[in-house]
Amino acid sequence: MSEERAAADVAFVGCGRIVRALVRGLAGAGHPVRRLRGVSRTGAGARALAEEFGIRCAASPREAVDGARLVVLATDPHRTAAALRDLAGCVTPDQLVVTLVASWRTEAVAAALPGVQVVRAVPNVAVAVRQGMTVVSAGATATRSGLAEVEAFFGLTGPVVVAEEEHLEAVSAVSGAGPALIAYFAEALASAGARQGLDPDTATRLAAQAVRGTGALLDGAATPGAVIEAVTSPGGMTAEALRTLDGRGVAEAAAEATAAAVRLSYGRMVTGR
């Protein structure tokens, strides 16, 4: 079977940042872009993806999902109810709905689309370069084979982990937001280097490579603690820098930031009950 025939038709309902990252990653993985369709509320997002990557731009949700095996729901949380109303009657039981919507339980999506398998996924923006982590959770209506199909789809853009849905708000805070949080620290580190007299571009390259190299070490099965130990000599510069970060409560700030993100998601949670 050719790659073209093996690839699934995928419809994206909502074409924002994470869908752009996914499309870029899928294209890089060799998924035929002509098998990807997009529809967005104003049409601008779908048109932008069509122009940049060559996906098909649909004029309506019905046109987008017609014949698609996977329907990826990627709307803003406050627009999801309207999107589900548009999809009701369009999506059929032989299709899989993959929801990327934060704060919407699979049961709420399934209630709006009776008889349809629903799987929730939390990818992060690094799927664009096929280094993303995606965590998936099967809704009550999803079968094992359906979940496996979703795992294989996201596996084109990086590692995939299965988790219980009750943990996905924490997953969103740690993994979904993770690239932004790490980039925030890298930006702060680069700025600090510039204050010490480094050329700003050089400082940015140094910070970016530190992140890249640390990621490679961690991919090699090193733990964060092991990396810290490997770099830190007693009484040395790294030890002094870490002591200063501890004194400023950086670890506590990270914990508070994660908790705040989780609280926000639970505060706007939509369930099917």
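1. Let me start with a loop. Ser 103 sits in the loop between strand 5 and helix 6 (106–112); helices (H or I, at least four residues) and strands (E, at least two) are DSSP runs, numbered from the N terminus. The phi angle of Ser 103 is near 70°, a positive value in a residue other than glycine. Is Ser 103 buried or exposed? Ser 103 is buried, with a relative accessible area of 0%. Here buried means under 20% relative accessible area, exposed over 50%, and partly exposed in between (1.4 Å probe, protein chains only).

2. A word on what you are looking at. This is a predicted model, in which local features need pLDDT of at least 70 and side-chain atom pairs count only at pLDDT 80 or more, while totals for chains, interfaces and linings use all residues. Residues are numbered from 1 along each chain as its sequence is written, and side-chain values use heavy atoms, with hydrogens and water left out.

3. Arg 130 also has a positive phi, near 60°, in a residue other than glycine. Arg 130 belongs to the loop between strand 6 and strand 7. With 42% relative accessibility, Arg 130 counts as partly exposed.

4. Now the overall picture. The protein has 13 helices and 8 strands, and its C-alpha trace spans about 65 × 40 × 35 Å along the principal axes. Of its 273 residues, 37% count as buried. Contact means heavy atoms within 4.5 Å; among contacts between residues at least 6 apart in sequence, 64% join residues at least 24 apart. The accessible surface comes to about 15,000 Å², of which 57% belongs to carbon and sulfur atoms; these areas come from the Shrake-Rupley method with a 1.4 Å probe, and for residues, only the protein chains shown count as cover.

5. On to the interior. In soluble globular proteins, nonpolar side chains tend to be buried together. A nonpolar core is a set of buried Ala, Val, Leu, Ile, Met, Phe, Trp, Tyr and Cys residues joined through side-chain atoms within 4.5 Å. The largest one here holds 29 residues, of which Phe 12, Val 23, Val 98, Leu 100, Phe 153 and Phe 154 touch the most other members. Elements giving two or more residues to this core include strand 1 (10–13), helix 2 (17–28), strand 5 (96–99) and helix 7 (144–154). Helix 2 gives the most to this core, with 5 residues.

6. Which residues does Phe 153 touch, not counting residues up to four places away in sequence? They are Val 10, Phe 12, Leu 26, Leu 70 and Val 72.

7. Next, the charged pairs. Side chains of opposite charge can pair when their charged atoms come close. A salt bridge is a side-chain nitrogen of Lys or Arg within 4 Å of a carboxyl oxygen of Asp or Glu, and by this rule the count comes to 6 salt bridges. In one of them, Glu 52 pairs with Arg 20, the closest N and O atoms being 2.5 Å apart. This pair links distant parts of the chain, with Glu 52 in helix 3 and Arg 20 in helix 2, 32 residues apart. Glu 52 is partly exposed, at a relative accessible area of 43%, and Arg 20 is partly exposed at 35%.

8. Glu 149 forms a salt bridge with Arg 69, with 2.8 Å between the closest N and O atoms. Glu 149 lies in helix 7 and Arg 69 in the loop between helix 4 (61–65) and strand 4, so the pair ties together parts that are 80 residues apart in sequence.

9. Arg 120 and Glu 165 meet through their side chains in a salt bridge (3.5 Å, N to O). Arg 120 is in strand 6 and Glu 165 in the loop between strand 8 (160–162) and helix 8, 45 residues apart. Both Arg 120 and Glu 165 are buried. Salt bridges that share partners join Arg 120, Glu 165 and Glu 169 into one network.

10. Glu 169 also turns up in helix 8 (residues 168–176), where Leu 168, Glu 169, Val 171, Ala 173 and Ser 175 are buried. The buried residues of this helix pack against strand 6, strand 7 (134–138), helix 9 (178–195) and helix 13 (250–267).
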